[in-house]
Amino acid sequence: MDLTGREIVLGVTGGIAAYKSAEVVSRLRHLGANVHVIMTKNATEFVSPLTFQTLSANQVVTDTFQAPEYWNVEHVALAKLAEVFVIAPATANIIAKMASGIADDMLSTTVLATKAPVLIAPAMNTGMWTAEATRENVQKLKTRGVHFVGPDSGILACGDEGAGRMSEPEAIVEAIRDILDVRRDLEGLKILVTAGATKERLDPVRYMTNDSSGKMGFAIAEAARNRGAEVTAVYGSVTAPVPEGIRRIQIESAQELYDTMMHETPDQDIIIQAAAVCDYRFEKTSTSKIKKAEGESLTLTLKENPDVAKAVGAIKKKGQTLVGFAAETDNVRKNAAEKLKKKNLDMIVANDVTLPGAGFNVDTNIAALITKDGTEEQPLQTKRELAEKILDKIIELRK
Ligand code: PMT
C-alpha cells in the first residue's frame with residue numbers, strides 16, 4: 001500500500017527501543033508518508049531529535065513550551081493533522097497516562113486530543129508489562145479502540161527474558177498500513193444504536209433497573225462511526241464512557257425509549273438495539289418517598305412496558321435493517337429465534353448472559369448471530385471485535 005501524502009504522527013517515549021523507531025520513520029518516508037515526530041524528554045536521552053528530524057524532514061516536537069516555529073496554529077495541530085497516531089516505543093508510563101487521560105507534556109496532550117486511530121507499540125521490562133496495573137491500562141485502551149502491535153518476546157535490554165520487546169519496525173509499519181486501509185463501508189448510512197439499561201422509577205429515591213453498562217452498544221456505535229456511518233446513540237443508564245463524534249440522546253425509562261424510537265426510526269437506515277429494556281414498570285409511582293410501614297410487607301404491582309423493538313419492527317420501512325439483541329439464560333438460540341420473528345428483525349444477536357466473559361458489564365462477549373437463513377457462532381472476543389462482526393453481517397444482509 002502506497003502511503004503517499006498520508007499524515008502520520010509518531011510519538012517516541014523513553015526506552016532503548018527508541019533507536020528502532022528511526023527505522024520506522026525511514027520506512028514510512030520510503031512509502032511516501034509525511035511523518036511528524038513528537039519525543040518525550042526521556043526519549044531525547046536515548047536518541048537525538050536531530051536523528052528523527054533528518055529522517056522525517058520535519059521539525060521534531062519535544063515539549064509543550066516549544067515555540068511554534070513551523071506549525072503556526074494551536075498546540076494540538078498535530079492531533080488534528082494525524083491520520084494515524086503511533087506511539088513507538090510506548091513505555092508503561094505513557095500507557096498509564098493515556099488510560100487515565102493525563103496530559104502533562106506534548107505527547108500525552110496531543111494523543112489525548114486526537115480523533116485519529118491510535119497504535120501503540122509497547123516496550124518495557126516483562127515485569128512491568130505483566131503488572132496488573134499495566135494489564136488493566138492496556139485493557140482499558142483496547143476497549144476504547146486503541147490498536148496494539150506487540151510486544152514481542154525475547155531477551156530484553158535489561159537481561160530478562162519474556163514479553164516486552166518492541167515489535168520490529170516492519171511489523172509496526174504493517175500495522176499502520178492495516179489501520180489506514182480501514183474500510184469506510186458504512187459511509188452515507190445513518191445508524192442508530194441503543195445502549196445501557198432503562199430505569200423504572202418507583203419514587204424519587206427508588207427504581208428498578210438491570211446491570212447493562214452500555215459497553216456492547218457503545219462498541220457498535222464506535223465501530224460504525226469509524227467505518228463512516230452517521231451514528232446516533234440512544235442510551236439509558238450507563239457506566240461506560242459515551243463515545244465521541246456521534247449524536248447522543250439520553251433516555252431514562254422504557255417509555256422514554258419508546259417515544260424516542262418512534263420519532264427517530266423513520267430517518268435511520270440501520271437500527272441496532274443493544275439496550276437492556278425493563279419489561280415492566282411500577283403500576284403506581286409516587287412523587288414523594290414512600291414511607292416504610294414498620295413490620296408490614298409492601299406489595300408493588302408491575303405493569304408491562306411497551307416492547308420497543310417490536311414497535312420499531314412494526315413501522316419498519318423498505319431498505320431499513322433492524323437488529324436486536326437477546327439476553328438469555330436458557331434455551332438461548334430457541335428464545336432468540338422467536339424474538340427475531342416476533343419483533344420483525346433482520347438479525348438477532350443472542351448472548352447467554354450466564355457464561356463467564358459474556359453479557360452484562362464485561363469487556364467481552366460470546367454470541368450467536370441469528371438470521372432467518374441460519375446462525376453464525378461468535379466465540380469469546382472483545383465487544384469491539386464482536387461489534388465489527390455484527391456490522392460485517394449487516395452489510396452482507398443489505399446486499
Ligand atoms: O451493556 P452491557 O453491559 O455491555 O451488556 C450488554 C447486554 C447484555 C445488555 C447486550 O448484549 C444485550 O443482550 N442486550 C439486550 C438486552 C435485552 O433487553 O434483551 P431481551 O432479550 O430482553 O430483549 C430482546 C430485544 O428487545 C432487545 O433488542 C431489547 O433491546 C428489546 N426490548 C426488550 C424489551 C422491551 N420492553 N423493549 C425492547 O425493545
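The following legends describe close-up views of a predicted model. Local features require pLDDT of at least 70 and side-chain atom pairs count only at pLDDT 80 or more, while totals for chains, interfaces and linings use all residues. Residues are numbered from 1 along each chain as its sequence is written, and side-chain values use heavy atoms, with hydrogens and water left out.

**View 1. The shell around the ligand.** The ligand is surrounded by 27 residues, and S212, S213, K339, N351 and N361 are the closest; a residue is near a molecule if one of its heavy atoms lies within 4 Å of it. By class, the shell holds 12 nonpolar, 9 polar and 6 charged residues (Ala, Val, Leu, Ile, Met, Phe, Trp, Tyr, Cys and Pro count as nonpolar, Asp, Glu, Lys and Arg as charged, and the others, Gly among them, as polar). Strand 16 gives the most to this shell, with 4 residues. Helices and strands are DSSP runs numbered from the N terminus (helices: H or I, at least four residues; strands: E, at least two).

View 2. A polar backbone atom of N361 is 2.6 Å from an oxygen atom of the ligand. The side chain of K343 places an N or O atom 2.9 Å from a ligand oxygen, and a backbone N or O atom of A327 lies 3.2 Å from an oxygen atom of the ligand. The protein covers 96% of the 770 Å² of accessible area that the ligand has on its own (Shrake-Rupley method, 1.4 Å probe).

**View 3. A salt bridge between R227 and D392.** The side chains of these two residues meet at 2.7 Å, N to O; a salt bridge is a side-chain nitrogen of Lys or Arg within 4 Å of a carboxyl oxygen of Asp or Glu. R227 lies in the loop between helix 10 and strand 11 (230–235), whereas D392 belongs to helix 14 (residues 383–397), 165 residues away. The whole structure contains 25 salt bridges.

**View 4. The two ends of helix 3.** A57 follows the helix and has a positive phi of about 60° although it is not a glycine.

**View 5. Two cis peptide bonds.** The bond from A88 to P89 is cis, with omega near -5°, and P89 is found in strand 3 (residues 84–90). The bond from G150 to P151 is also cis, with omega near 5°.

Key. A polar contact is a pair of N or O atoms within 3.5 Å; within protein, one must be able to donate a hydrogen and the other to accept it, and residues adjacent in sequence count only if both atoms are side-chain atoms.
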